[in-house]
Amino acid sequence: MAMDLDNMLQMIKDRQWALADIEWDAPGAELIEPDLWAKLKPFMTDLMWIENVGARGFAALAKKAPTPTLKSIYEHFHAEEQKHANAELALMRRWGMLEDDEIPAPNVNVQLIINWLDKHSDEMSLSFLGTVIPMLEVALDGALIKFITDEVKDPIAQEVFKRINNDESRHLAVDFEVMDILGHASMRKLVIETVGGWTNPALIVGTLSYIPLLNKMRDNIVAMGVDEEKLYGAMRRFRSVGERSEFVRRVPMYQFISWQGKKVIDRSSSYHLLADSLVKVTGVIPFRLVHRTPTWSQELTYEPVA
Ligand SMILES: [Fe+2]
Ligand SMILES: [Fe+2]
């Protein structure tokens, strides 16, 4: 059954929270064991930047939204992703991981996606953004926090993760609803849009950045001591939720992302030769060559603003 997007928008408005609602100085930070502490900083840093990837994606989606309600929903999601990033920054600060106003830099693969989104996301179609963003949310933005929830004993972190998870469940619900809406377009329109999209060289570059990102993040969660099966479970969900709707199944971009997701899950697939080499290749890029702070990241702050 179709979702009532007006109701959803109202719910999103009702469930807003702010960094100021959290007691950042409350005890519990000391519960992080030194072992975990050392691994958490790079992990949280990438996670924080992935929130920004989500934020940038929703900003692009808001511009393409077919109705004012959906536009408003995307604008809220954009703000929520920024809030998640800021909350993660505040947690790192709480845990004594940051010097003064330090905003730590992401890994190369996350940086490449950020650069790409910054340059190209506004030229991408709704059907492209509306399918890729859900996969990023299922596999990364929405999932990474869940993976570490069991590892991090700090009660304040638990509270923050719970709020973020609640936001993410609404993001996912809307993500899949929009894929369903996209699938209602005529097949002719879907095919023209897809073929047209792939003639844009930017999309090839984007794919070459996206492929190693997933493998790199898999390596990172394994380094955190999390079973990679958890990541695969999240990616399987993209497929199983998508398959439920005959309209989602009609979207060619969904079929592509879902096929690629299947490859990522299959460790024995030759796909990993390509993806892992891309991780290696991108890994030797001197970071200063790709590093650029996106214009929108000035909004990053650990301060408990709204
Ligand atoms: Fe998020
Ligand atoms: Fe999200």
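# Exercises on a predicted helical model

Asp100 sits in the loop between α3 (68–94) and α4. Helices (H or I, at least four residues) are DSSP runs, numbered from the N terminus. The model is predicted: local features need pLDDT of at least 70, side-chain atom pairs count only at pLDDT 80 or more, and totals for chains, interfaces and linings use all residues. Residues are numbered from 1 along each chain as its sequence is written, chains are lettered from A and ligands numbered from 1 in the order in which they are written, and side-chain values use heavy atoms, with hydrogens and water left out.

## Exercise 1: Asp100

Solution. 
- Step 1. Recall the background: most residues other than glycine have a negative phi.
- Step 2. Apply the accessibility scale: buried means under 20% relative accessible area, exposed over 50%, partly exposed in between (1.4 Å probe, protein chains only).

## Exercise 2: the iron site

Task. Find which residues coordinate the iron ion (ligand 1), and which residue bridges it to the iron ion (ligand 2).

Solution. 
- Step 1. Donors are N, O and S atoms within 2.8 Å of the metal (3.2 Å for Na, K and Ca); water is not among the atoms, so sites may look incomplete.
- Step 2. List the donors of the iron ion (ligand 1): Glu51 (OE), Glu81 (OE), His84 (ND1), Asp141 (OD) and Glu168 (OE), at 2.0 to 2.4 Å.
- Step 3. Write their spacing along the chain: E-x29-E-x2-H-x56-D-x26-E.
- Step 4. Find the bridge. Glu81 links the iron ion (ligand 1) and the iron ion (ligand 2), which lie 3.5 Å apart.
- Step 5. Glu51 belongs to helix α2 (residues 34–64) and Glu168 to helix α7 (residues 155–182), so the pair ties together parts that are 117 residues apart in sequence.
- Step 6. Check accessibility. Glu51 is buried at 0%. Glu168 is buried too, at 3%.

## Exercise 3: α4 against α9

Task. Describe how α4 crosses α9, and say which residues make the contact.

Solution. 
- Step 1. Axes are lines fitted to C-alpha atoms, for helices over the stretch in contact, and angles run from 0 to 180 degrees between N-to-C directions.
- Step 2. The axes of α4 (residues 108–120) and α9 (residues 201–223) come within 9 Å and cross at roughly 150°.
- Step 3. That makes α4 roughly antiparallel to α9 (angles over 145 degrees count as such).
- Step 4. The crossing is left-handed (the near helix is turned anticlockwise from the far one by less than a right angle; clockwise would be right-handed).
- Step 5. List the contact (heavy atoms within 4.5 Å). From α4 come Asn109, Val110, Leu112, Ile113, Trp116 and His120; from α9, residues including Leu203, Tyr210, Leu213 and Met217.
- Step 6. Sort by class: 11 nonpolar, 4 polar and 1 charged. Here Ala, Val, Leu, Ile, Met, Phe, Trp, Tyr, Cys and Pro count as nonpolar, Asp, Glu, Lys and Arg as charged, and the others, Gly among them, as polar.

## Exercise 4: α5 against α10

Task. Find the handedness with which α5 passes α10, and name the residues in contact.

Solution. 
- Step 1. The axes of α5 (residues 126–141) and α10 (residues 228–243) come within 8 Å and cross at roughly 150°.
- Step 2. α5 is therefore roughly antiparallel to α10.
- Step 3. The crossing is right-handed.
- Step 4. α5 contributes Thr131, Pro134, Met135, Val138 and Ala139; α10 contributes Leu231, Ala234, Met235, Arg237 and Phe238.
- Step 5. The classes are 8 nonpolar, 1 polar and 1 charged.

Notes
Helix = DSSP H or I, 4+ residues; strand = E, 2+ residues; numbered from the N terminus. Parallel < 35°, antiparallel > 145°, perpendicular 65-115°, else oblique.
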